[in-house]
Amino acid sequence: MEPAWLLHDLLFDYTLRTVALGSATLGIVSGALGVYAVLRRQSLLGDAISHAALPGIAIAFLLTGSKAPLVLILGAAAAGWIGTLLVMSIVNTTRITGDTALGLILSVFFGFGLMLLTFIQQRPDSRQAGLDSFLFGQAATLIERDVITMASLGAVALLAMATFWKEFKLLSFDPDFGASLGFPIRLIDVLLTTLIVVAIVIGLQTVGVVLMSAMIVAPAAAARQWTDRLGMMVAISAFFGALAGVTGALISSTTARLPTGPTIVLCISAIALFSLLLAPNRGLLWSRIRGNRTRSRLRVESVLDDLYQLAAQHGDPDHAHPTAVLQTMHADRGSVTGTLTELETRGWARRVGDDRWALTTGGRQEAERRLDEEGGER
Amino acid sequence: MTTSQIEIQLIAAIVAAACALPGVFLVLRRMALMSDAISHSILLGIVVAFFLVENLQSPLLILGAAITGVLTVALVEMLNRTGLVKSDAAIGLVFPVLFSLGVILISRYAGDVHLDVDAVLLGELAFAPFDRFILFGFDFGPQALVVMSIILLINALLIGVFYKELKLATFDAGLAAALGFSPGLIHYALMTSVSVTAVGAFDAVGSILVVALMIAPAATAFLLTDRLSLMIILSAGIGVSAAIGGYWLAYWLDASIAGSMATMTGVLFGLAFLLAPERGLLAVARRRARQRWEFAETMLAIHLFNHEGLPNSVEESQVEHLDAHLRWEPDFATRVVRGAERRGLIQSQAGRLSLTDDGRRLAQEAIVS
């Protein structure tokens, strides 16, 4: 598809527009709020909340007979919230650790939800078709009203995040300090968890229960690689979330038999991988390059020093030494020849005869300059 | 009960027992969420293996799953080591990718085969009796039964043979390493066991419910005992109970067997959470309440002891005075007094309280310590 046509369709094709807006919304909200979950090491809480939401959806349908997004969202949120409370209660009352509690609530609630779903499917009720699209998401089923619901809830959540910016910052980085300043840290914790629950449930219809947690973790983890500041991290994370959401949802709704959730997850994971490898300071590629450069510099300095010391021992700055001697002075014998070539290129060493090396004047000056800098002996 | 029903329950019970065994060590080693990650990502291994051999019953699937399981663990640790993401985020980044790839491969290329998305999550235990394991013309029973029995046996054998090493590595990894064992090897062996068990149970109960069967019974047993051997046996027993109970729940509701089994594990955990002898919620609440009264009674004894023999002891030892000196509400004070009397710490005569010998001793010990 040519870009021009794509843009045209994006604006004027109802389905594409709805899908794009819906997934952008979910990407922004989950990206922004996911930052706090990741910073507080609660990444997998998002997984638990989203799995726990499934029975809430089923029960909401059973009680009201309605599949209206708002109803299902409320059910999902209530179940997610109850799940979180149970996790905290288990951890606080027993010796069961956090990971076990999370895994327990996650799998039991989800199993319960699946049981209810299959129970619902047995009923002679044609309206229940489509509830299982909540498992992996189906962006193509979004209608404008759904998007409006998502956007409204999302806007409220983001507004709350902006209003309590200071409080959430304190909670994430130094809750004890915050408590000592008089902030009601418990309440703020509850509020933040609620916002995260909201972020998760508005994305369930698009990404599904099983993979929604990735939309909480991956954008934030990716954003972390590009900045050290909270504000920037939230902004970048929201952007990445939206980007992945829109891309994934568009690909999924225009390709046959491609569920939305997994597609979006692949997009955001690609972004995360890209960030991990190539982000300016922390990126692994740059670290590797920096590491190589440092190693190479150290080797050059070390061999230069060796040549200088050897020459000093003979009292003759032009005395040449065979490569083998230099190699024995080095732990990394194999690299010596390469380093000597490098020194030659820089004009600090010269080859004498077949296999012997000596300092040049420039090399001697460089060695002495470094020794002066580091306060060593000449 | 028909033969099929019996066979299904048998399979369910064996699956539960087979999952409970590695589950105990996952819970104790705080690796519960790794099991969640592995059970999601082995889907990719199964799908790839399936595309290679085009046969759902092939043992290559188990190999593919085991490899993917180890791959997951390796990737998570690799990600951890870069230091760029925290450990929980590392898990949350790795398994969704692998799982998504698996789901997409299934949806796109295996849509008309038994390997569909619902089966992935739920398994289909109800169909298990139809795939039979026939060797030399002899019907050994359902395929799933044979496979899971073998896995159960392997798990039980591994735990039995390496019991001491597992125990040591789990509770004191440093000592294990110092003694020459390899905690890392045990770690990977455990993860491989989890992967193999998960893929074996895949057909029966699907991916996510394997997690329930691994974690919930073990967590329940953890609330009921302090001894490792007992914890293992209890986990298996609880798992089996949940399996049978879950089957009948599904029968009654006409719902997914696997989902009902997971729900039952939750119910059993809930019961233990509330009612476990020392660690259950009720027991803890009762203990805390009792300790409050004991503390108050000790305070009373100390109060009387402090004023014994002093000129104002008469006034200080009157019941009505307690609320002024100790700031107790009258009702509370009365109950404390009664409790202290019952414990033989004090005696009451005409509204005045006096310490017994026991009470005096208690007060002295409390002050000294």
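Mentor: A residue counts as buried under 20% relative accessible area, as exposed over 50%, and as partly exposed in between. Please keep in mind that this is a predicted model.

Trainee: Why is Trp248(B) called partly exposed?

Mentor: The relative accessible area of Trp248(B) is 32%.

Trainee: What makes Tyr251(B) exposed?

Mentor: Tyr251(B) has a relative accessible area of 53%, and the class of exposed residues begins over 50%. Tyr251(B) is therefore exposed.

Trainee: How do you know that Trp248(B) and Tyr251(B) are separated by about one helical turn?

Mentor: Both residues lie in helix 10 (residues 228-253) of chain B, 3 residues apart, which means a separation of about one helical turn.

Trainee: How many aromatic pairs does the whole structure hold?

Mentor: The search over all chains finds 11 aromatic pairs.

Trainee: Why is the pair of Phe239(A) and Phe240(A) called tilted?

Mentor: The ring centres of Phe239(A) and Phe240(A) are 6.0 Å apart, and the planes stand at 40°. As for accessibility, Phe239(A) is exposed at 53%, whereas Phe240(A) is buried at 10%.

Trainee: What makes the pair of Trp248(B) and Tyr251(B) edge-to-face?

Mentor: Here the planes of Trp248(B) and Tyr251(B) are at 80° and the centres are 5.2 Å apart. Planes over 60 degrees apart count as edge-to-face, so this pair is edge-to-face. Elsewhere, ring pairs join Tyr36(A), Phe164(A) and Phe168(A) into a cluster.

Trainee: Why are helix 1 of chain B and helix 6 of chain B called roughly parallel?

Mentor: The axes of helix 1 (residues 3-28) and helix 6 (residues 143-161) of chain B cross at roughly 30° and come within 9 Å. Angles under 35 degrees count as roughly parallel, so the two helices are roughly parallel to each other. The crossing of helix 1 of chain B past helix 6 of chain B is left-handed. Among the residues making the contact are Leu10(B), Ile14(B) and Phe25(B) of helix 1 of chain B, and Met148(B), Leu152(B) and Ile159(B) of helix 6 of chain B. By class, the contact has 15 nonpolar, 2 polar and no charged residues.

Trainee: How do you know that Thr360(A) is buried?

Mentor: Its relative accessible area is 15%, and the limit for buried is under 20%; Thr360(A) is therefore buried. Thr360(A) sits in the loop between strand 3 (356-359) and helix 17 (361-374) of chain A. Leaving aside neighbours within four places in sequence, Thr360(A) contacts Gly347(A), Trp348(A), Ala349(A) and Arg350(A).

Key: Residues numbered from 1 in each chain as written. Chains lettered and ligands numbered in written order. Predicted model: local features only at pLDDT ≥ 70, side-chain atom pairs only at ≥ 80, totals over all residues. Heavy atoms only, no water. Helix = DSSP H or I, 4+ residues; strand = E, 2+ residues; numbered from the N terminus. Buried < 20%, exposed > 50% of the residue type's maximum accessible area, 1.4 Å probe, protein only. Contact = heavy atoms within 4.5 Å. Axes fitted to C-alpha atoms, helices over the stretch in contact; angles between N-to-C directions. Parallel < 35°, antiparallel > 145°, perpendicular 65-115°, else oblique. Left-handed = near helix turned anticlockwise from the far one by under 90°. Nonpolar A, V, L, I, M, F, W, Y, C, P; charged D, E, K, R; others polar. Phe/Tyr/Trp six-rings, centres within 6.5 Å; stacked < 30°, edge-to-face > 60°.
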